[in-house]
Amino acid sequence: MTRSLFKGNFWSADILSTIGYDNIIQHLNNGRKNCKEFEDFLKERAAIEERYGKDLLNLSRKKPCGQSEINTLKRALEVFKQLDNVAQCHIQLAQSLREEARKMEEFREKQKLQRKKTELIMDAIHKQKSLQFKKTMDAKKNYEQKCRDKDEAEQAVSRSANLVNPKQQEKLFVKLATSKTAVEDSDKAYMLHIGTLDKVREEWQSEHIKACEAFEAQECERINFFRNALWLHVNQLSQQCVTSDEMYEQVRKSLEMCSIQRDIEYFVNQRKTGQIPPAPIMYENFYSSQKNAVPAGKATGPNLARRGPLPIPKSSPDDPNYSLVDDYSLLYQ
């Protein structure tokens, strides 16, 4: 792999242009946003896993309705209730995801602080370069103007060669001499600014190379960290699936042992109430003699309609135990 790609590919022919540096910064900002988005994703996923784990835990701890006896299906349900282990796995996964989100946040903040140092240096050197370039251009304009002034003074002296007024010629010569001095001074100032600008340019170029190397190293670190974080996240989800499937397999095996016939026989043996059904209810006619029978539990009274003849008294009418009233007998009239 070709190294140092940043420092060899983000320049511009324009000394004031920062397009290469700006492109790198924009790319790093996008990378930082990606890290933040993944960090938020991990936090949201952790909340979902924790909520799902707690809900599953609450459901698994509820007693199945209508299964008080121990039978093969009951045993399968008991194994199914052990799925609270699956719930615990989801809760543990939520904790792991939060930990990974914390690591991503720390990594993102660390890179932010490192970048800030480099950006401050580059911002300062960019301002210095722009300021010195402006001073140099101003010095160049001043130098060029002084040169034009000197050229005009020389032309004026040439045109005044035929003049007979020595005083005017003297003024033109003084002006020419002054303009030459001004050109020399402006030339020195211009050269001085050019030298200073070149030093600033070299310093900026050196800092730009350092920044490119630092940013490239950060980008390599970010890609590696992000890649490992994604890899770990996928492995965590895969392990969660494996663990859950192992526990589900225990439920499947317990369900394979479930016997419908055995559970039915077990219930019958435990809760049976008898093998003889009730006898049929017979028809009874209201007017049959059976309706005249005294119902059981009721007191019996005289039934005049069915009373027999009076018994013959054992004593004679002369028996003193019988009373007579006015020659009238209670027994014999």
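How many helices and how many strands does the protein have, and which residues of α2 and α4 make the contact between them?

Mentor: The model is a predicted one, in which local features need pLDDT of at least 70 and side-chain atom pairs count only at pLDDT 80 or more, whereas totals for chains, interfaces and linings use all residues. Residues are numbered from 1 along each chain as its sequence is written, and side-chain values use heavy atoms, with hydrogens and water left out.

The protein has 5 helices and 2 strands, these elements being DSSP runs numbered from the N terminus (helices are H or I with at least four residues, strands are E with at least two). Read from the N terminus, their order is α-α-α-α-α-β-β. Among the 333 residues, 27% count as buried; buried means under 20% relative accessible area, exposed over 50%, and partly exposed in between, computed with a 1.4 Å probe on protein chains only. Of the contacts with a separation of 6 or more, 84% join residues 24 or more positions apart, a contact being heavy atoms within 4.5 Å.

Turning to the packing itself, two packed helices are described by the angle between their axes and the distance between the axes. Helix α2, residues 72-81, packs with α4 at an angle of about 175 degrees, and their axes are 8 Å apart; the axes are lines fitted to C-alpha atoms, for helices over the stretch in contact, and the angles run from 0 to 180 degrees between N-to-C directions. The angle makes α2 roughly antiparallel to α4, since angles over 145 degrees are given that name, those under 35 count as roughly parallel, those from 65 to 115 as roughly perpendicular, and the rest as oblique. On the α2 side the contact is made by A76, V79 and F80, and on the α4 side by Q250, V251, S254 and L255. In α2, the residues T72, K74, A76 and V79 are buried, and the buried residues of this helix pack against both α4 and α5.

With a relative accessibility of 45%, I264 counts as partly exposed. Together with I260, F267 and V268, I264 makes a nonpolar surface patch of about 410 Å². Patches take residues with over 30% relative accessible area and no salt bridge, joining like charges within 9 Å and nonpolar side chains (Val, Leu, Ile, Met, Phe, Trp, Tyr) within 5 Å.

Charged pairs complete the picture, for side chains of opposite charge can pair when their charged atoms come close. The whole structure holds 21 salt bridges, each being a side-chain nitrogen of Lys or Arg within 4 Å of a carboxyl oxygen of Asp or Glu. One of them joins D245 to R252 at 3.3 Å, N to O; D245 is partly exposed at 41% relative accessibility, and R252 is partly exposed at 36%. In helix α3, residues 84-159, E119 and R115 are separated by about one helical turn because they are 4 residues apart. E119 and R115 form a salt bridge with their closest N and O atoms 2.8 Å apart, and both residues are buried. Finally, E39, K43, R108 and E109 are linked in a network of salt bridges.

Note on methods: Areas by Shrake-Rupley, 256 points an atom, 1.4 Å probe, with all protein chains shown as cover.
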